[in-house]
Amino acid sequence: MATTFEAIAKIISETSDIPLEEITPEKNAFTDLGIDSLDFLDIAFAIDKQFGIKIPLEKWTEELNENNALVDEYFVLGKLCERVDEVIAAKDA
Amino acid sequence: MLLEYFQMIDSIEDLDPDNGKVIAQANVPMDSTVFEGHFPGSPLVPGVLLIETMAQASGFMLLSRLKFDRMPFLANVTSAKLRTFVEPGAILRIEAELEHDGSGFAKTRAQILSDGKKICDSELMFRTMPFPNDALKGHMLDRFNQISQSSTE
């Protein structure tokens, strides 16, 4: 079974046309991979569908806008996968 | 339809916001300044306006689902197929269904039929955001009430 990172990397590669080998856990989706907010909606949609969850994008964005969080906490891919795992765990709890 | 004013939906025939479904109707006018250019001597509804029509049907369903707390803005059109020409006088049935209700976004699938024949279909992604002002919210509510009542008259 694919890890969360492997699954999300595949989604990013397919939705944003980025070679899989360029997608690594330390990369920031926006600043390193050049994904924009519209592309990220497609990625969020695909993650939601694949894992049967609703990732709280609005809450994350709100926290970023209010300077209560750093962009890396959500959008560096390793961190993103941790957040997604948290949402999956909360759903299964 | 008032093509010049982007009023694409004439009536909502059936609405089920909880299950994310809507059926609407649009009557293509016989005359419109749009037809003077698209195309001279051979009037056709522009394909982009058919996509807008699917987006508006989806949008009214989402507005109802969101209880007019937020506004859906069209963000992405995928897999759009414009299968047949639409001429003045056509009566269109627009069907839209929620594909996914995400956080700050929503995706629908929509299609338009005329005389039982599929005219076009597409997947549509919307950003759902707070209304930029009360005037727009008031306008959308008025328009929604207007087209909702049209189906019961």
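**Group meeting: two chains and how they meet**

Let me begin with the interface, where chain A and chain B bury about 1,200 Å² between them, with 54% of it on carbon and sulfur atoms; buried area here is the accessible area, taken with a 1.4 Å probe, that two parts lose on being put together, summed over both. Of the area that chain A buries against chain B, A:Leu41, A:Phe45 and A:Glu58 supply 45%, more than any other three residues.

Before going on, please keep in mind that this is a predicted model, in which local features need pLDDT of at least 70 and side-chain atom pairs count only at pLDDT 80 or more, while totals for chains, interfaces and linings use all residues. Residues are numbered from 1 along each chain as its sequence is written, chains are lettered from A and ligands numbered from 1 in the order in which they are written, and side-chain values use heavy atoms, with hydrogens and water left out.

Staying with the interface, 14 residues of chain A are in contact with 14 residues of chain B, where contact means heavy atoms within 4.5 Å. Between the two chains there are 7 residue pairs in polar contact, both residues being at pLDDT 80 or more; a polar contact is a pair of N or O atoms within 3.5 Å, and within protein one must be able to donate a hydrogen and the other to accept it, while residues adjacent in sequence count only if both atoms are side-chain atoms. On the side of chain A that touches chain B, the elements giving two or more residues are α2 (37–51) and α3 (57–65) of chain A, and α2(A) provides the largest share, 8 residues. Helices (H or I, at least four residues) and strands (E, at least two) are DSSP runs, numbered from the N terminus. The residues on that side of chain A divide into 8 nonpolar, 1 polar and 5 charged, with Ala, Val, Leu, Ile, Met, Phe, Trp, Tyr, Cys and Pro counted as nonpolar, Asp, Glu, Lys and Arg as charged, and the others, Gly among them, as polar.

The count of salt bridges between chain A and chain B is 2, a salt bridge being a side-chain nitrogen of Lys or Arg within 4 Å of a carboxyl oxygen of Asp or Glu. The side chains of A:Glu58 and B:Arg70 meet in a salt bridge, at 2.0 Å from N to O.

Which residues does B:Glu123 pair with? One partner is B:Lys107, with the closest N and O atoms 3.4 Å apart, and this pair links distant parts of the chain, since B:Glu123 is in strand β6 and B:Lys107 in strand β5 of chain B, 16 residues apart. Another partner is B:Arg109, where the closest N and O atoms are 3.1 Å apart; B:Arg109 lies in strand β5 and B:Glu123 in strand β6 of chain B, so this pair ties together parts that are 14 residues apart in sequence. Salt bridges that share partners join A:Lys49, B:Glu99, B:Lys107, B:Arg109 and B:Glu123 into one network. As for accessibility, B:Glu123 is buried at 17% and B:Lys107 is buried at 8%, whereas B:Arg109 is partly exposed at 43%; buried means under 20% relative accessible area, exposed over 50%, and partly exposed in between, with a 1.4 Å probe and protein chains only.

Those two strands also pair with each other, as 10 bridges join β5(B) to β6(B), which run antiparallel; strands pair if DSSP finds at least two bridges between them. In this arrangement B:Phe105 stands opposite B:Arg127 in β6(B). On the other hand, β3(B) and β6(B) also pair in the antiparallel sense, over 10 bridges, and there B:Pro72 stands opposite B:Thr128 in β6(B).

The peptide bond from B:His38 to B:Phe39 is cis, with omega near -5°.

Finally, in chain A, A:Thr4 sits in helix α1 (residues 4–16) and is buried at 13% relative accessibility, while its side chain makes a polar contact with the side chain of A:Asp85 at 2.6 Å.
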